[in-house]
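Subject: Handing over a structure, with notes

Dear colleague,

I am passing a structure on to you, and my notes on what was found in it follow below. Please look at it first and then read on.

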Amino acid sequence: EAGGRVVNCAVLIDGVRPIGAKACRTDELTLVLEEVGRAPQVCRTLEDMAGFDNPSSPAALLKACLVVAGLVDVSPAAPPLADQLRSGPIGAGLHIKAWSNLPKGS
């Protein structure tokens with residue numbers, strides 16, 4: 001809308017990477033979205049993906065990443081989440097754990 005630039009850089013704080021994420025495939029066709037310090041969000045349906053576009057919603061960043069990466073389609077005509085996970089590029093559910101050791105808002 002207003003233009004801009006994106007910068008991608010690796011940062012170490014006190015010799016440690018302060019932000020990270022790990023993902024594991026699961027047999028259960030669900031998304032478990034875990035942000036350290038918060039209760040995990042378990043998404044079994046597309047309705048559970050609501051709030052991906054609201055930064056104050058639980059696990060919004062992880063949900064938005066899944067939508068933008070094309071791993072989950074939340075459009076009105078989209079098939080059920082379990083079907084998308086089964087037939088998608090991963091072919092399984094996911095458990096994603098993300099963390100940040102930076103002060104909130106940084």
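Which residue follows helix 1, and is its phi positive or negative? The residue is glycine 70, and its phi is positive, near 80°.

Before going further, please keep in mind that this is a predicted model, in which local features need pLDDT of at least 70, side-chain atom pairs count only at pLDDT 80 or more, and totals for chains, interfaces and linings use all residues. Residues are numbered from 1 along each chain as its sequence is written, and side-chain values use heavy atoms, with hydrogens and water left out.

The chain as a whole

The chain contains two helices and four strands, where helices (H or I, at least four residues) and strands (E, at least two) are DSSP runs numbered from the N terminus. Read from the N terminus, the order of these elements is β-β-β-α-α-β. The C-alpha trace spans about 45 × 35 × 25 Å along its principal axes. Of the 106 residues in the chain, 26% are buried, a word that stands for under 20% relative accessible area, while exposed stands for over 50% and partly exposed for what lies in between (1.4 Å probe, protein chains only). Among the contacts with a separation of 6 or more, 61% are made by residues 24 or more positions apart, a contact being heavy atoms within 4.5 Å. The accessible surface comes to about 7500 Å², and carbon and sulfur atoms account for 56% of that surface; the areas come from the Shrake-Rupley method with a 1.4 Å probe, and for residues only the protein chains shown count as cover.

The strands

Strand 4 (residues 93-100) pairs with strand 1 (residues 19-26) in the antiparallel sense, through eight bridges, and two strands are said to pair if DSSP finds at least two bridges between them. In this pairing, threonine 26 of strand 1 stands opposite glycine 93 in strand 4. Strand 4 also pairs with strand 2 (residues 31-35), here in the parallel sense and over five bridges. Leucine 31 stands opposite leucine 94 in strand 4, and glutamate 35 stands opposite alanine 98 in that strand.

Strand 2 pairs with strand 3 as well, in the antiparallel sense over three bridges, and cysteine 43 in strand 3 is the bridge partner of leucine 31. The hairpin of strand 2 and strand 3 has five residues between the strands, and in it glycine 37 takes a positive phi near 95°. Four of the five residues of strand 2 are buried, so this strand is largely enclosed by the rest of the structure.

In helix 1 (residues 60-68), the buried residues are Ala60, Leu62, Lys63, Leu66 and Val67. Seen down the helix axis, they fall within an arc of 165°, so they line one face of the helix; the arc is that of the directions from the helix axis to the C-beta atoms. Leu61 and Val68, on the other side of helix 1, are exposed. The cover over the buried residues of helix 1 includes strand 2, strand 3 (41-43) and strand 4.

Which residues does methionine 49 touch, once residues up to four places away in sequence are not counted? They are Leu31, Cys43, Lys63, Leu66, Val67, Val72 and Val74. Methionine 49 lies in the loop between strand 3 and helix 1, and its relative accessibility of 1% counts as buried. With valine 72, methionine 49 forms a pair that is 23 residues apart in sequence and 9.0 Å apart in space, C-alpha to C-alpha.

Two backbone angles to look at

Most residues other than glycine have a negative phi. Alanine 59 is not a glycine and yet has a positive phi of about 60°; its place is in the loop between strand 3 and helix 1, and at 1% relative accessibility alanine 59 is buried. Aspartate 14 likewise has a positive phi, near 50°, but it is found in the segment before strand 1 and is exposed, with a relative accessible area of 78%.

With best wishes
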